[in-house]
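Please keep the sequence and the structure open while reading.

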Amino acid sequence: MMRAPIAGSTALLTGASSGIGEALARRLAPRVKKLVLVARRVDRLERLMGELALANPHAEIAIEPCDLADRTALTALCDKLAQEHVTIDVLVNNAGMGDMGMFDLASWEKTEQMLELNVRALTYLTHRLVPGMVTRGRGGVLNISSSFGLAFLPGFAAYIGTKHFVTGFTESLRLDVAHAGVVVTQVCPGPVATEFEKVAGNFTGARAPWFIELSADACAKAALRGFSRRRALVIPGLGMKVMMALHALTPKVLLRLLALPMARWLRRRQERHLAEERARAEGR
Ligand SMILES: NC(=O)c1ccc[n+]([C@@H]2O[C@H](COP(=O)([O-])OP(=O)(O)OC[C@H]3O[C@@H](n4cnc5c(N)ncnc54)[C@H](OP(=O)(O)O)[C@@H]3O)[C@@H](O)[C@H]2O)c1
């Protein structure tokens, strides 16, 4: 069977400075000819580039610091790659962020940043890089969506919306470019131990159950294995595979009922958290 074109390719990986992206970078570097790492934190990217270059002398490791939620910066990044004739064979759209809380209490600035990053940047990068893959008849796109892209839950409305976009977009893109041999895979992880929760602002203090939480490396390993096998959908970890199978079998009407007490609990926790924050800010 034809494998996804990782070996000897030039790959561009977003969100390489931490979590799943950093783990993907470590696993991609030994296999590719060139790896372009994208994120905002330059110090982290430089450190990772140094480490990967030392461990993988055959590969060229490059960094492109960029705020992908900034439209001008994103366009400039794509223009630079085109001007320098950098041919991207594999695009890994991993960068993403969440925002935890009831939507009526959400900050618009954070919501908008999330839409720009999770939806627009992913789509724009794909739009700029996929035509070349189709013309060359070789390439692949690996999109990191989420198990939230296959579900609905309270407390993550806009994030879940972005991941439903990624899921629908990726499945359909796969069909659009199949004729050219371009591989398109989406990964829908459950909880992964990264900086995600900190950025999303977990105010509950609740932890994911041990039997579904994975390390970033385990997630990256499953993602690349599925991509290499040209899978449409990868759900890393046995625990999450079982959870998502049960979820798919449960009638929507029941899922909606079960989610209501959770919504009430989350709202109470968030209101208490906001009151504590206000009191702290007022120096009480
Ligand atoms: N962790 C989970 O439980 C989980 C579950 C399902 C799906 N996912 C998905 O997995 C992907 C990776 O997340 P993670 O868990 O590894 O979280 P993470 O540790 O917070 O990593 C997020 C990465 O995205 C980058 N990023 C964030 N905002 C950016 C921006 N404006 N421009 C450029 N890069 C930006 C961050 O780098 P800088 O801050 O340096 O820019 C970082 O490298 C996301 O798409 C997330 O939705 C995560």
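In which loop is Arg 230 found? Arg 230 is found in the loop between helix H7 (216-228) and strand E9 (233-234). The model is a predicted one, and all values below are computed from it.

## Overall fold

The protein chain has nine helices and nine strands. Its radius of gyration is 19 Å, close to the 19 Å that the globule rule gives for 284 residues, so the chain is as compact as a globular protein of that length. Along its principal axes, the C-alpha trace spans about 55 × 45 × 30 Å.

Buried residues make up 38% of the 284 residues. Among contacts between residues at least 6 apart in sequence, 71% join residues at least 24 apart.

## Ligand surroundings

There are 29 residues around the ligand, and Gly 15, Gly 19, Arg 40, Arg 41 and Gly 96 come nearest. Two elements give two or more residues to this shell: helix H1 (19-28) and helix H6 (196-200). The largest share, three residues, comes from H1. By class, the shell has 14 nonpolar, 10 polar and five charged residues.

H1 is itself mostly covered, with eight of its 10 residues buried. The buried residues are Gly 19, Ile 20, Gly 21, Glu 22, Ala 23, Leu 24, Ala 25 and Leu 28.

## The H4 and H5 pair

Two packed helices are described by the angle between their axes and the distance between the axes. Helix H4 (residues 108-136) and helix H5 (residues 157-177) pack at an angle of about 10°, with their axes 9 Å apart. H4 and H5 are therefore roughly parallel to each other. From H4, the residues in the contact include Thr 111, Met 114, Leu 115, Leu 122 and Val 130. They meet a set in H5 that includes Ala 158, Tyr 159, Phe 165, Phe 169 and Leu 173. The residues of the contact divide into 13 nonpolar, five polar and no charged.

Val 119 is found in helix H4 and is one of the residues that meet H5. Leaving aside neighbours within four places in sequence, Val 119 is in contact with Thr 162 and Phe 165. The C-alpha atoms of Val 119 and Tyr 159, 40 residues apart along the chain, are separated by 9.9 Å.

## Loop residues

Leu 105 has its place in the loop between strand E4 (90-93) and H4. Is Leu 105 buried or exposed? Leu 105 is exposed, because it has 12 other C-beta atoms within 10 Å and 12 or fewer is the cut-off for that class. From C-alpha to C-alpha, Leu 105 and Arg 120 are 23 Å apart in space and 15 residues apart in sequence.

Most residues other than glycine have a negative phi. In His 85, phi is positive, near 50°. His 85 lies in the loop between helix H3 (71-83) and E4, and with 6 C-beta neighbours inside 10 Å it counts as exposed.

Arg 230 also has a positive phi, near 60°. With 17 C-beta neighbours inside 10 Å, Arg 230 counts as partly exposed.

How values were computed
Residues are numbered from 1 along each chain as its sequence is written. This is a predicted model: local features need pLDDT of at least 70, side-chain atom pairs count only at pLDDT 80 or more; totals for chains, interfaces and linings use all residues. Helices (H or I, at least four residues) and strands (E, at least two) are DSSP runs, numbered from the N terminus. The radius of gyration is taken over C-alpha atoms; the globule rule is 2.2 Å times the number of residues to the power 0.38. A residue is buried if 20 or more other C-beta atoms lie within 10 Å of its own, exposed if 12 or fewer, and partly exposed in between; C-beta atoms are placed from the backbone. Two residues are in contact if their C-beta atoms, placed from the backbone, lie within 7 Å. A residue is near a molecule or strand if its C-beta atom, placed from the backbone, lies within 6 Å of it. Ala, Val, Leu, Ile, Met, Phe, Trp, Tyr, Cys and Pro count as nonpolar, Asp, Glu, Lys and Arg as charged, and the others, Gly among them, as polar. Axes are lines fitted to C-alpha atoms, for helices over the stretch in contact, and angles run from 0 to 180 degrees between N-to-C directions. Angles under 35 degrees count as roughly parallel, over 145 as roughly antiparallel, 65 to 115 as roughly perpendicular and the rest as oblique.
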